[in-house]
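Below is a short briefing on a structural model.

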Number of protein chains: 2
Amino acid sequence: MEKETPKGITPRAEDYSRWYQDVIAAAELADYSPVRGCMVIRPHGYAIWERLQASLDGMIKETGHENAYFPLFIPESFLRREAEHVEGFAPECAVVTHGGGKELEEKLYVRPTSETIIYSMFAQWIQSWRDLPLKINQWANVVRWEMRTRLFLRTTEFLWQEGHTAHATFEEAEEEVRLALDLYRRLSTEDLAIPVIPGRKSEAEKFAGALHTYSIEAMMQDGRALQAGTSHHLGQNFAKAFDVKFQDPQGALQHVWQTSWGVSTRLIGAVIMAHSDDVGLVLPPRIAPIEAVIVATWSKSSDERLVRDALERVRPTIPPSVRIRVDDRDKFHLAWKRFHWERKGVPLRLEIGPRDVKASQFFAARRDTGEKFSIPFDRAPEEIPRILADIQRSLYDRALRLREERSVRIDDYRTFREFFDGAGGFASSPWCGDGACEAKVQDETKVTIRCLPFEWPADEPGPCVVCGRPAPRRALFAKAY
Amino acid sequence: MEKETPKGITPRAEDYSRWYQDVIAAAELADYSPVRGCMVIRPHGYAIWERLQASLDGMIKETGHENAYFPLFIPESFLRREAEHVEGFAPECAVVTHGGGKELEEKLYVRPTSETIIYSMFAQWIQSWRDLPLKINQWANVVRWEMRTRLFLRTTEFLWQEGHTAHATFEEAEEEVRLALDLYRRLSTEDLAIPVIPGRKSEAEKFAGALHTYSIEAMMQDGRALQAGTSHHLGQNFAKAFDVKFQDPQGALQHVWQTSWGVSTRLIGAVIMAHSDDVGLVLPPRIAPIEAVIVATWSKSSDERLVRDALERVRPTIPPSVRIRVDDRDKFHLAWKRFHWERKGVPLRLEIGPRDVKASQFFAARRDTGEKFSIPFDRAPEEIPRILADIQRSLYDRALRLREERSVRIDDYRTFREFFDGAGGFASSPWCGDGACEAKVQDETKVTIRCLPFEWPADEPGPCVVCGRPAPRRALFAKAY
């Protein structure tokens with residue numbers, strides 16, 4: 001009975017956007033809240049975030065960063081100190097005008113990002129070259145007023161981490177920006193099983209106040225791009241605005257060089273859209289709160305003892321590193337339980353009933369392929385971790401294959417427009433570097449330059465796909481979330 | 001040279017409040033921020049919070065609660081639905097009136113606590129008795145406008161967890177409220193090494209909107225009480241305001257019974273005030289980000305190899321569960337390093353220099369007692385964990401002794417006033433239960449009823465310490481943070 005598309009989930013082919021919402025609802029990942037544009041992250045969704053957080057937090061600490069916490073509120077005057085920054089962020093802020101029953105003398109902005117408040121503290125903490133590098137990270141909520149929201153992908157409030165560092169030289173800051181981007185690449189490829197293309201953002205798409213911005217770009221199943229992490233070289237822009245200076249070994253005062261970088265709960269949206277199918281959520285084992293569920297089942301109560309005894313014997317043989325849930329609830333039928341765990345995206349389902357006990361094996365089903373097979377009890381300790389690793393790899397490979405199938409080199413604008421009028425995907429096309437060409441493409445096709453990839457496509461000159469003038473290299477064009 | 005009170009820390013006896021601020025500054029735990037009443041939690045302070053969080057989060061999950069995340073903003077109309085609740089919280093809220101460049105139709109309150117927004121979701125999620133109990137926890141920032149702030153203890157924004165549950169009966173909710181309080185008792189006694197007195201709050205001190213509130217109360221070194229966790233039985237008050245109903249097994253619709261409970265970053269303030277001394281911070285090993293520091297030292301560079309080789313040999317023999325930092329920085333002197341780690345509150349310092357290597361031992365110093373002794377390298381694997389456990393226990397015992405020394409039974413108001421005019425502490429006195437007596441005491445002495453202890457003092461009737469009328473039992477009176 002599980003072969004049919006379960007009621008309640010719209011097939012991808014019919015309406016991709018509806019499908020996305022249905023998958024989230026069926027897996028109980030999140031809900032819209034009564035507050036416009038804000039979401040409630042439900043326990044299963046939050047548990048994915050905790051997995052993702054634990055992995056990234058480990059990498060952030062291993063690379064010498066320390067966590068700290070800065071205020072939610074930013075005085076209006078702080079936001080105004082960096083000209084590009086205020087222009088980029090002020091219009092989308094939530095503004096606190098009253099506190100403790102009184103009108104405030106100075107308005108407070110709910111942080112849309114924390115450069116300004118953090119660097120005002122850096123100015124106090126940094127005196128000498130001995131205080132550098134200063135490498136801080138913050139896990140926090142931020143607010144950016146959004147008119148059109150979509151669960152996880154674009155919400156007025158979201159959760160994220162923001163790294164903020166200060167260095168003695170441009171080169172050291174550049175190294176840090178690349179390092180942060182590489183942490184995100186690892187998180188995405190190793191944990192989320194999503195291949196990404198790292199590269200530099202165009203001037204139009206860079207962070208408000210940065211010298212330049214790097215990003216990693218992923219392809220979703222509908223061929224659209226999703227920006228899965230950004231890392232900004234801030235140069236000395238904020239250091240000058242907030243007077244963050246250090247005395248170098250020769251005794252001279254210099255402004256520091258800074259970086260900031262962040263990923264958010266939007267990554268959960270990326271996971272959903274990269275891997276799920278018409279049955280519901282599909283999770284890569286490494287970020288699945290539950291990697292394998294053991295569904296225990298019996299019809300006669302005399303069989304219950306049999307099944308429970310077998311479970312008690314076999315369960316301890318499975319390595320404790322595998323996150324397992326046993327579902328031995330009486331109040332639900334087997335079919336309901338199968339359906340329930342499928343929609344929750346649990347990578348591996350193991351069923352155990354009286355007949356399985358007699359055969360000394362689990363009846364197993366892979367969530368990614370739907371493949372059914374048996375696992376003898378005595379092979380379970382090795383087989384379960386092996387299958388989970390295989391699911392992790394297969395999901396990555398499938399996502400990479402999809403991206404390759406939908407990535408093309410396009411050298412003329414007519415083909416370019418036809419490509420994006422059709423199914424679309426990633427186009428590698430020469431670009432002259434002129435913002436006017438970039439804007440024209442966006443106006444006419446809603447396609448944007450996702451990044452100037454470090455590696456893909458190659459650094460080939462050619463005539464700009466828009467204007468025909470000489471282009472020094474290719475850019476990655478796509479419609480984006 | 002470390003025997004002198006280091007410059008910058010005011011002795012407790014001179015000015016307790018100044019001492020508290022100095023300890024925080026010297027240990028680099030937190031800073032006031034440019035935003036009125038808000039603090040910046042610096043890496044060392046945040047790392048303590050992470051330890052505390054990890055421990056409590058484990059207990060919360062083990063007892064069947066799941067983490068989730070709800071919006072920062074609460075529509076004004078939501079806060080108004082529960083009459084006592086809005087009266088208690090609205091005056092201390094920060095209010096968002098503008099978003100995305102426009103004035104909002106309905107004001108949004110930055111959450112001071114999340115009952116209202118969470119229970120509006122519970123109303124959607126709960127249909128049947130099968131959906132109960134619903135046991136949710138949230139880690140979040142909250143904002144309560146404060147006129148007089150103090151780092152960690154009272155700040156406009158703070159970090160906390162808030163548990164929110166819904167049950168089918170009063171009794172189940174009551175069991176949950178007691179369970180939550182017991183988790184806090186364990187956290188406080190086992191991890192923070194702070195003995196606490198659990199009890200019920202008076203009507204005047206209960207949570208706005210609750211049937212009754214329980215708390216745990218700790219004594220700080222100056223004899224004042226600090227409320228270290230609260231747990232509220234909300235009855236059906238919010239269920240009625242937000243229409244949270246379930247169908248019972250007989251098919252009848254009933255309102256759920258609810259609880260909420262929370263602890264916050266104020267616990268870090270409790271740790272500082274319970275254990276630190278005139279040298280600076282003292283941390284219990286279980287929540288110390290660094291339990292032991294190995295300070296490596298040499299004067300001739302020919303000795304460096306010797307010391308490093310020894311370290312490489314001994315370090316791996318220490319169990320990996322011990323959080324160790326090796327300080328082998330060349331740019332600081334031994335005295336500077338000693339001083340640095342003492343002020344950071346690291347429980348155990350191990351020094352290793354050429355002479356120590358030759359004697360095959362560490363030169364060790366306990367932060368709690370100042371005791372100095374040597375630990376032979378081959379004994380280090382057992383000795384280090386043993387000493388850390390001993391420090392943890394000793395700190396608890398010391399705090400308990402202090403509390404006992406400053407806890408008295410007082411039966412008449414004159415002695416009561418003399419006690420609190422003097423050094424003060426905890427007074428166990430009969431109370432008739434009348435809010436007027438409670439208010440009189442507070443007006444005249446600034447002393448409040450901390451709780452009606454479950455166990456201490458005993459449930460003895462007697463004449464009320466204030467009015468002389470019959471009192472059914474004793475209350476715990478103290479000045480409080």
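**A buried strand and its surroundings**

Strand 15 (residues 292-296) of chain B is largely enclosed by the rest of the structure, because 5 of its 5 residues are buried. A residue counts as buried if 20 or more other C-beta atoms lie within 10 Å of its own, as exposed if 12 or fewer do, and as partly exposed in between, with C-beta atoms placed from the backbone. The model is predicted: local features need pLDDT of at least 70, side-chain atom pairs count only at pLDDT 80 or more, and totals for chains, interfaces and linings use all residues. Residues are numbered from 1 along each chain as its sequence is written, while chains are lettered from A and ligands numbered from 1 in the order in which they are written.

**Strand 15 of chain B**

- B:Ala292, B:Ile294 and B:Ala296 point one way from strand 15 of chain B, B:Val293 and B:Val295 point the other way, and all are buried.
- In a regular strand, side chains alternate between the two faces of the sheet.
- Strands (E, at least two residues) and helices (H or I, at least four) are DSSP runs numbered from the N terminus.

**Pairing partners**

- Strand 15 of chain B pairs in the parallel sense with strand 16 (residues 324-327) of chain B over 4 bridges; pairing requires that DSSP finds at least two bridges between two strands.
- Strand 15 of chain B also runs parallel to strand 17 (residues 348-352) of chain B, and 5 bridges join them.
- B:Val293 stands opposite B:Arg325 in strand 16 of chain B, and its bridge partner in strand 17 of chain B is B:Arg349.
- Strand 15, helix 9 (residues 301-314) and strand 16 of chain B form a right-handed β-α-β unit; right-handed means that, with the strands pointing away from the viewer, the path from the first strand over the helix to the second runs clockwise.

**B:Leu452**

- B:Leu452 lies in strand 22 (residues 448-453) of chain B and is buried, with 20 other C-beta atoms within 10 Å.
- B:Leu452 and B:Ser202 are 250 residues apart in sequence but 7.2 Å apart in space, C-alpha to C-alpha.
- Not counting residues up to four places away in sequence, B:Leu452 touches B:Gly199, B:Arg200, B:Arg473 and B:Ala475 (contact: C-beta atoms, placed from the backbone, within 7 Å).

**Domains and chains**

- Chain A is divided into domain 1 (16-275), domain 2 (291-394) and domain 3 (407-478), with bounds from an automatic or database domain assignment.
- A rotation of 180° with 0.0 Å of shift along its axis superposes chain B on chain A (RMSD 0.0 Å). That is the relation of a two-fold axis.

Note on methods: Copies are superposed by least squares on the C-alpha atoms of residues with pLDDT of at least 70 in both. Two residues are in contact if their C-beta atoms, placed from the backbone, lie within 7 Å.
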